[in-house]
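Dear colleague,

I am passing on a structure to you, together with some notes on what turned up when I went through it. Please keep it open beside you as you read.

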Amino acid sequence: MDHISFTPFPVLETERLLLRRVERSDAKYIFRLRSDEKYCKFTGIKKYKDINEAIKYIDRIHKDIENKECILWSICSKDTNEFIGGISLWDIKDKEKQSEIGYDLLPEFRGEGYIQEAIKVVICYAFNELNFRKIVAEEVRTENIKSMKVLEESGFEVIKKYEVVNEDGNKEERADHSLLRTKF
Ligand SMILES: CC(C)(COP(=O)(O)OP(=O)(O)OC[C@H]1O[C@@H](n2cnc3c(N)ncnc32)[C@H](O)[C@@H]1OP(=O)(O)O)[C@@H](O)C(=O)NCCC(=O)NCCS
């Protein structure tokens, strides 16, 4: 993956937001997100019980960024410089020129259009700077209406919908989405 470089880290900016590298000082916010029952249900992430799990996660992300396997930005409000959420391009496949997209917001910052603003600038970066052909959002729980809506409004198409049996033994519908550079 020679031509992809995340050094120096690509800080991105929008009208209201600054997207910078995730840092250990963000651990308390990431812990708050990942220790929330509903968040874990929607994302399939195993519930965190200890802030050290968030610190370990951040350290692992730093390694993945170094290895160009993923990139994760902390989304900060320009007004307050405060962490409000995160957005990532992960499972980067250099040959296929594609990656997954992931995102979240602390509950008190939802309903303001921040994620759509962040997705827009990250998609531009992926297509224009990284030269990606495709961005996908797979296995999205269709019950996660907010996320389904964000993807649709950001131009993603549902490629397929299917049912899976989740860890609790219950049936659950999921959807795979994709956004092609040619349709952007
Ligand atoms: C998914 C998630 C990020 C969506 O957050 P969100 O706040 O609904 O998304 P946006 O930031 O795009 O905001 C859209 C909402 O803001 C409103 N809004 C307010 N001001 C706005 C503005 N200036 N521009 C656009 N929308 C605006 C929109 O009307 C919309 O509200 P509605 O959904 O009630 O119609 C959030 O629910 C979340 O963090 N969930 C947990 C993690 C998760 O599920 N991640 C995805 C896994 S697949």
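**The second largest pocket**

Helix H2, which spans residues 37–43, gives three residues to the lining of the second largest pocket, and this is the largest share of that lining. Please bear in mind throughout that the model is predicted. The second largest pocket has a volume of about 300 Å³, and its lining is made up of 13 residues, among which Cys40, Lys41, Asn166, Glu167 and Asp168 lie nearest the centre.

**The ligand**

Around the ligand there are 17 residues, and those that come nearest are Leu105, Gly111, Ile115, Asn144 and Lys149. A polar atom in the side chain of Lys149 lies 2.4 Å from an oxygen atom of the ligand, while an oxygen atom of the ligand is also found 3.3 Å from a backbone N or O atom of Glu112. On the nitrogen side, a polar backbone atom of Tyr103 is 2.9 Å from a nitrogen atom of the ligand.

**Ser77**

Is Ser77 buried or exposed? Ser77 counts as buried because its relative accessibility is 11%, which is under the 20% cut-off. Ser77 belongs to strand S3, which covers residues 71–77, and a polar atom of its side chain lies 3.2 Å from the backbone nitrogen of Asp79. If neighbours within four places in sequence are set aside, the residues in contact with Ser77 are Arg16, Glu82 and Ile84.

With best wishes

Methods: Residues are numbered from 1 along each chain as its sequence is written. This is a predicted model: local features need pLDDT of at least 70, side-chain atom pairs count only at pLDDT 80 or more; totals for chains, interfaces and linings use all residues. Side-chain values use heavy atoms; hydrogens and water are left out. On a 1 Å grid over the protein atoms alone, a cavity is a set of points where a 1.4 Å probe fits but cannot get out, and a pocket is an open set with protein on both sides within 12 Å along at least five of seven lines; lining residues have an atom within 4 Å of a point. Grid points are joined across faces, edges and corners, and a volume is the space filled by probe spheres set on the points. Helices (H or I, at least four residues) and strands (E, at least two) are DSSP runs, numbered from the N terminus. Buried means under 20% relative accessible area, exposed over 50%, partly exposed in between (1.4 Å probe, protein chains only). A polar contact is a pair of N or O atoms within 3.5 Å; within protein, one must be able to donate a hydrogen and the other to accept it, and residues adjacent in sequence count only if both atoms are side-chain atoms. Contact means heavy atoms within 4.5 Å. A residue is near a molecule or strand if one of its heavy atoms lies within 4 Å of it.
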